Amino acid sequence: MTQASAPGRTTPVDMSHRQILEALSGLLLGMFVAILSSTVVSNALPRIITELQGGQSAYTWVVTSALLATTATTPIWGKLADLTSKKLLVQLALAVYVLGSVLAGFSQSTGQLIACRVLQGVGAGGLTALAQVIMATMIAPRERGRYSGYLGAVMAVGTIGGPLIGGLIVDTPWLGWRWCFYVGVPFALAAFVVLHRTLHLPVVRRPAKIDWLGATLITAAVSTLLIWVTLAGNRFAWASPTTLVMVGGAVLLGVLAVVVETRAAEPVIPPRLFRSRTITLATVASVAVGVGMFGASVFLGQYFQISRGQSPTMSGLMTLPMILGLLVSSTVVGQVISRTGRWKRWLVIGSALLTVGFTLMGTLRADTSFVLLGLYMALIGVGLGMTMQNLVLVVQNAVGPHELGAASSVVAFFRTLGGAVGVSALGALLSHQVSGYVTDGLTSLGAPADGTGGAGLPDVHALPAPIRAVVEGAYGHGAGDIFLAAAPFALIALIAVSFLREEPLRSASADPQPEQGRQEVPPGGPRPDVVTVDCTPARSRPARGRLLRPGRRRGTGTRSGRPGPESGRGRSGQRSG
């Protein structure tokens, strides 16, 4: 099989299962690096912030700054993937990530660390968007579920296993917290080398330009929103003139971005994508999945360390039910979807499990049985595994190849946006709730309520037994409150996926229609609507962009025994008439 490409189009790449796995290994390493950068510091943050002499706001911003940069740059990377070499872009993203990681490890203040985390986030945004785009280029939607399971499993290990790795590093005296940033560098370098050797994609070049004004407005709108969510309730009241200015500014910037994107020749986030009900509903669901994916990993680590008095390493180990649930469900469901082509039922079941899991986690307290806690975490993990990657698959199946980059990045953008807003908003809620519970507990003991628990993270092992019990109970109850607050988002995701129309997964990654009408081709040149060429008969003509039903091959008969497309041709390979 060879390819015929028309200008401005992305054509399918003919790769064997072994070649796909080889190239996929580099992508999986890159994706692991991207997720790891956001989660590995969660269990190490108390020690990092203490050593760098930072406050509560620095604690929040070390996490949020990377998520903010990832969110803001994801659609830009996705758009670039539609215009230039995807291989070059993913290698550039890896290089940016390595630079940011090394600099973060050398940070001497919280300000330097936050700036380096922004650079890490830029690289992670590229890896997040480009992994989805490259997979869509290599693999047809019908087969993509089979490989998306692998990607979902890697995301599970990176998302939930990151805190475990960070905990192990912090608890190892001869490593120290700086290795939380260095640990991803070897994986990034390995991914760079593997991709260089195994990833061979056609480079589609067409005259185009990046909508930098639209990208700037989108970034400014998202940044303003996240800064407001992070600082409200801490630096200023939720209902205050500052809130009015920041929220109003974010809305205004968002409206301007929509106007600019509507008129741009090459928009970063094409508004026309949202004319599709499938893409709109999948985007809504992605926001809720982002809250679950990032919120669970960040706040569970804090719950285990403060409310249960566990070490960073044990805090990571206690999240294993969620890791295993996500790992098994994403792999198994991906295989089932590839075999059956049916995906909606799994999205509905996954969203329902996510809703139930968050609701049950709302009953979380400091003395909750670990058996019950493990069951609740497993429900959340299974739900994430069924929804996370399959939402991307659904969107990619709904667009043509020339929009794979933009469409894939839209899902990743809103998923990361949901995670960033979720971490900021749920973190603010946790701080408020814990402060109130600690004050009530200390008052009942007759002790002065000095705000313990609201301004920073206490060392429960150094507290007197009665006060320690109050603090542990406050953080346990507060953790339950934030999971209960996340449950409505999962319910929204369930409603959104319930209204999705189940479209059959395509058996080829090609779009049978030209991107912009029929193009003139010089005599003897390839036709613009030709997407693949079957070279098995040496002199056969290229096949038109037709999607083959399962069980049929070019150049062979059908299962019923009727002649196939190549039957009835003369020696020249031309159809009669």
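Guide: One cut-off to start with: buried means under 20% relative accessible area, exposed means over 50%, and partly exposed is in between. Also keep in mind that this is a predicted model.

Visitor: OK, does L324 count as buried, partly exposed or exposed?
Guide: L324 sits in helix 13. Its relative accessibility is 49%. Exposed needs over 50% and buried needs under 20%, so L324 counts as partly exposed.

Visitor: Which residues form the nonpolar patch on the surface with L324, and what is their accessible area together?
Guide: Helix 12 (312-317) and helix 13 (320-340) are the elements that give two or more residues to the patch. Its members are M314, L317, L320 and L324. Together their accessible area is about 320 Å².

Visitor: Now V96: is that one buried or exposed?
Guide: V96 lies in helix 4, which covers residues 86-105. Its relative accessible area is 18%. The limit for buried is under 20%, so V96 is buried.

Visitor: Which residues is V96 in contact with, leaving aside its neighbours within four places in sequence?
Guide: Take L119, 23 residues from V96 along the chain: their C-alpha atoms are separated by 6.9 Å. L119 is one of the contacts of V96.

Visitor: Let's check some helix geometry. How far apart are the end C-alpha atoms of helix 8, and what span should its residues give?
Guide: Helix 8 runs over residues 184-198, which makes 15 residues. The expected span is 1.5 Å times one less than the number of residues, so helix 8 should span 21 Å. The model agrees, with the end C-alpha atoms 21 Å apart.

Visitor: What about helix 9: what does it reach, and which residue with positive phi follows it?
Guide: Helix 9 has 20 residues, 212-231, and reaches 28 Å from its first C-alpha to its last, close to the 28 Å expected. After helix 9 comes a residue with phi near 85°, and that residue is G233.

Visitor: Zooming out, what share of the chain's residues count as buried?
Guide: The chain has 17 helices and 3 strands. Residues 24 or more positions apart account for 80% of its contacts with a separation of 6 or more. Of its 577 residues, the share that counts as buried is 57%.

Key
Residues are numbered from 1 along each chain as its sequence is written. This is a predicted model: local features need pLDDT of at least 70, side-chain atom pairs count only at pLDDT 80 or more; totals for chains, interfaces and linings use all residues. Side-chain values use heavy atoms; hydrogens and water are left out. Helices (H or I, at least four residues) and strands (E, at least two) are DSSP runs, numbered from the N terminus. Buried means under 20% relative accessible area, exposed over 50%, partly exposed in between (1.4 Å probe, protein chains only). Contact means heavy atoms within 4.5 Å. Patches are made of residues with over 30% relative accessible area and no salt bridge: like charges are joined within 9 Å, nonpolar side chains (Val, Leu, Ile, Met, Phe, Trp, Tyr) within 5 Å. Accessible areas come from the Shrake-Rupley method with a 1.4 Å probe; for residues, only the protein chains shown count as cover. A salt bridge is a side-chain nitrogen of Lys or Arg within 4 Å of a carboxyl oxygen of Asp or Glu.
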